[in-house]
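The following note is intended for a colleague who is viewing this structure for the first time. Please read the numbered points with the sequence and the model at hand.

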Amino acid sequence: MAWLEGDGPDEGLLRAARALGAQILKADSPKRLRQSVEPWGSKRFLYYHERRLALRETQGETAVSADFCSERLKARSRRARLEAAPKAAAATRLPELWDATAGLGVDSFLFASCGARVTLFERDPAVFLLLLDARARALSDPETRDAASRMRPVFGSIEDLEPCALGGV
(Lines give C-alpha, C1' and ligand atoms only; values in the text may rest on other atoms or scores of the structure.)
Protein backbone atom coordinates (compact mmCIF):
# COMPACT_ATOMS: atom_id res chain seq x y z
CA MET A 1 0.00 0.00 0.00
CA ALA A 2 1.34 3.44 -0.85
CA TRP A 3 0.48 7.03 0.09
CA LEU A 4 0.08 9.64 -2.60
CA GLU A 5 0.04 13.28 -1.61
CA GLY A 6 -3.04 15.24 -2.65
CA ASP A 7 -4.79 18.01 -0.74
CA GLY A 8 -2.83 16.80 2.26
CA PRO A 9 -4.04 14.86 5.30
CA ASP A 10 -4.39 16.65 8.61
CA GLU A 11 -1.75 16.08 11.26
CA GLY A 12 -4.06 13.97 13.45
CA LEU A 13 -4.63 11.48 10.65
CA LEU A 14 -0.93 11.36 9.85
CA ARG A 15 -0.17 10.58 13.52
CA ALA A 16 -2.87 7.87 13.48
CA ALA A 17 -1.39 6.38 10.29
CA ARG A 18 2.10 6.31 11.82
CA ALA A 19 0.80 4.75 15.04
CA LEU A 20 -1.15 2.17 13.05
CA GLY A 21 1.96 1.33 11.03
CA ALA A 22 3.92 0.84 14.25
CA GLN A 23 1.13 -1.35 15.66
CA ILE A 24 1.11 -3.51 12.54
CA LEU A 25 4.88 -3.90 12.69
CA LYS A 26 4.58 -5.01 16.33
CA ALA A 27 1.91 -7.60 15.46
CA ASP A 28 2.08 -10.48 17.88
CA SER A 29 2.65 -12.95 15.09
CA PRO A 30 3.86 -12.87 11.49
CA LYS A 31 0.64 -14.68 10.53
CA ARG A 32 -1.52 -11.81 11.83
CA LEU A 33 0.62 -9.28 9.99
CA ARG A 34 0.29 -11.20 6.73
CA GLN A 35 -3.49 -11.50 7.19
CA SER A 36 -3.86 -7.73 7.50
CA VAL A 37 -1.52 -6.67 4.69
CA GLU A 38 -1.02 -9.49 2.17
CA PRO A 39 -4.44 -9.66 0.54
CA TRP A 40 -3.79 -6.30 -1.14
CA GLY A 41 -0.04 -5.77 -0.95
CA SER A 42 0.87 -2.86 -3.20
CA LYS A 43 -2.19 -3.21 -5.42
CA ARG A 44 -3.94 -0.25 -3.78
CA PHE A 45 -3.10 3.18 -2.46
CA LEU A 46 -4.50 5.86 -0.17
CA TYR A 47 -4.71 9.46 -1.30
CA TYR A 48 -6.62 12.67 -0.59
CA HIS A 49 -9.43 13.47 -2.99
CA GLU A 50 -12.06 16.19 -2.46
CA ARG A 51 -10.92 16.79 1.14
CA ARG A 52 -11.24 13.17 2.21
CA LEU A 53 -9.05 10.11 2.38
CA ALA A 54 -9.78 7.64 -0.43
CA LEU A 55 -8.62 4.14 -1.33
CA ARG A 56 -8.12 2.98 -4.89
CA GLU A 57 -6.68 -0.05 -6.60
CA THR A 58 -3.72 0.78 -8.84
CA GLN A 59 -5.54 -0.50 -11.93
CA GLY A 60 -8.96 0.82 -10.90
CA GLU A 61 -10.80 4.01 -11.70
CA THR A 62 -13.14 4.09 -8.70
CA ALA A 63 -12.09 5.40 -5.31
CA VAL A 64 -13.70 4.25 -2.07
CA SER A 65 -14.03 6.46 0.99
CA ALA A 66 -16.07 6.57 4.17
CA ASP A 67 -18.26 9.64 4.55
CA PHE A 68 -20.65 10.22 7.43
CA CYS A 69 -21.25 13.82 6.29
CA SER A 70 -22.86 13.11 2.91
CA GLU A 71 -26.32 14.63 2.52
CA ARG A 72 -27.71 11.19 1.66
CA LEU A 73 -26.41 9.60 4.89
CA LYS A 74 -27.47 12.61 6.97
CA ALA A 75 -31.02 12.22 5.62
CA ARG A 76 -30.92 8.50 6.30
CA SER A 77 -29.64 9.07 9.86
CA ARG A 78 -32.60 11.40 10.55
CA ARG A 79 -34.89 8.45 9.67
CA ALA A 80 -32.64 5.79 11.26
CA ARG A 81 -35.03 4.99 14.11
CA LEU A 82 -37.49 3.78 11.47
CA GLU A 83 -35.06 1.25 9.95
CA ALA A 84 -35.35 -2.34 11.17
CA ALA A 85 -31.97 -2.90 12.86
CA PRO A 86 -31.62 0.49 14.63
CA LYS A 87 -35.28 0.30 15.62
CA ALA A 88 -34.73 -3.13 17.22
CA ALA A 89 -31.60 -1.89 19.02
CA ALA A 90 -33.41 1.20 20.31
CA ALA A 91 -36.25 -1.00 21.58
CA THR A 92 -33.82 -3.14 23.59
CA ARG A 93 -32.08 -0.02 24.96
CA LEU A 94 -28.64 -1.55 24.51
CA PRO A 95 -26.09 0.90 25.95
CA GLU A 96 -23.29 -0.24 23.65
CA LEU A 97 -22.99 -2.15 20.42
CA TRP A 98 -19.93 -3.77 18.83
CA ASP A 99 -19.61 -3.89 15.06
CA ALA A 100 -17.28 -6.84 14.47
CA THR A 101 -16.85 -6.10 10.75
CA ALA A 102 -17.07 -2.32 10.53
CA GLY A 103 -16.12 -1.82 6.90
CA LEU A 104 -16.95 1.77 5.96
CA GLY A 105 -19.04 2.23 9.12
CA VAL A 106 -22.44 3.13 7.65
CA ASP A 107 -24.42 0.72 9.85
CA SER A 108 -22.51 1.82 12.92
CA PHE A 109 -23.19 5.47 12.12
CA LEU A 110 -26.92 4.76 11.88
CA PHE A 111 -26.90 3.02 15.27
CA ALA A 112 -24.91 5.91 16.75
CA SER A 113 -27.47 8.32 15.25
CA CYS A 114 -30.09 6.50 17.32
CA GLY A 115 -28.07 7.12 20.49
CA ALA A 116 -26.08 3.88 20.80
CA ARG A 117 -22.39 3.88 21.65
CA VAL A 118 -20.70 1.78 18.96
CA THR A 119 -17.26 0.20 18.93
CA LEU A 120 -16.18 -0.48 15.34
CA PHE A 121 -13.63 -3.26 14.81
CA GLU A 122 -11.77 -3.15 11.51
CA ARG A 123 -8.74 -5.31 10.78
CA ASP A 124 -7.82 -3.90 7.38
CA PRO A 125 -5.36 -1.04 8.00
CA ALA A 126 -6.40 1.03 4.98
CA VAL A 127 -10.12 0.73 5.72
CA PHE A 128 -9.42 1.56 9.37
CA LEU A 129 -7.76 4.82 8.26
CA LEU A 130 -10.81 5.59 6.10
CA LEU A 131 -12.97 5.18 9.22
CA LEU A 132 -10.72 7.49 11.25
CA ASP A 133 -10.84 10.12 8.52
CA ALA A 134 -14.64 9.93 8.20
CA ARG A 135 -15.09 10.17 11.97
CA ALA A 136 -12.76 13.18 12.20
CA ARG A 137 -14.75 15.00 9.51
CA ALA A 138 -18.06 14.03 11.15
CA LEU A 139 -16.87 15.42 14.50
CA SER A 140 -16.38 18.82 12.86
CA ASP A 141 -19.89 18.87 11.32
CA PRO A 142 -22.58 20.13 13.75
CA GLU A 143 -25.18 17.80 12.20
CA THR A 144 -23.13 14.60 12.63
CA ARG A 145 -21.00 15.48 15.68
CA ASP A 146 -23.18 13.75 18.30
CA ALA A 147 -23.36 10.45 16.43
CA ALA A 148 -19.63 10.52 15.60
CA SER A 149 -18.77 11.15 19.25
CA ARG A 150 -20.48 7.85 20.13
CA MET A 151 -18.35 5.87 17.65
CA ARG A 152 -15.03 4.32 18.68
CA PRO A 153 -12.99 2.77 15.84
CA VAL A 154 -10.60 0.00 16.95
CA PHE A 155 -7.92 -1.46 14.72
CA GLY A 156 -7.98 -5.24 14.89
CA SER A 157 -10.28 -8.20 14.88
CA ILE A 158 -12.84 -8.93 17.54
CA GLU A 159 -11.39 -12.46 17.47
CA ASP A 160 -8.25 -11.10 19.17
CA LEU A 161 -10.13 -10.09 22.34
CA GLU A 162 -9.84 -12.14 25.49
CA PRO A 163 -13.07 -13.98 26.45
CA CYS A 164 -13.47 -11.82 29.58
CA ALA A 165 -13.63 -8.71 27.31
CA LEU A 166 -16.62 -10.32 25.61
CA GLY A 167 -18.50 -10.70 28.88
CA GLY A 168 -17.53 -14.37 29.33
CA VAL A 169 -18.87 -15.46 25.94
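1. Two strands are said to pair if DSSP finds at least two bridges between them. The model discussed here is a predicted one. In strand S6, the bridge partner of Phe-121 is Val-154. Strand S5 (residues 117-122) and S6 pair in the parallel sense, over 5 bridges.

2. These strands belong to an open sheet of 3 strands, ordered S4-S5-S6, with parallel pairing. Strand S4 (96-99) and strand S6 (151-155) stand at the edges with a single partner strand each, so one side of each has no neighbour in the sheet. On average, neighbouring strands of this sheet are turned by 20 degrees against each other, direction ignored.

3. Two helices accompany the sheet. Helix H5 (residues 106-113) packs on the sheet and touches S4, S5 and S6; the direction of H5 makes about 170 degrees with that of S5. Helix H6 (residues 125-139) lies across S5 and S6 and runs at about 160 degrees to S6.

4. A separate pairing joins strand S2 (residues 44-49) to strand S3 (residues 52-57), which run antiparallel with 6 bridges. One of the partners in S3 is Ala-54, bridged to Tyr-47. S2 and S3 form a hairpin with 2 residues between them, and Glu-50 in the turn has a positive phi of about 55 degrees.

5. The side chain of Asp-67 makes a polar contact with that of Arg-52 (3.2 Å), and a polar atom of the Asp-67 side chain lies 3.0 Å from the backbone nitrogen of Cys-69.

Notes:
Residues are numbered from 1 along each chain as its sequence is written. This is a predicted model: local features need pLDDT of at least 70, side-chain atom pairs count only at pLDDT 80 or more; totals for chains, interfaces and linings use all residues. Side-chain values use heavy atoms; hydrogens and water are left out. Helices (H or I, at least four residues) and strands (E, at least two) are DSSP runs, numbered from the N terminus. A polar contact is a pair of N or O atoms within 3.5 Å; within protein, one must be able to donate a hydrogen and the other to accept it, and residues adjacent in sequence count only if both atoms are side-chain atoms. Axes are lines fitted to C-alpha atoms, for helices over the stretch in contact, and angles run from 0 to 180 degrees between N-to-C directions. Contact means heavy atoms within 4.5 Å.
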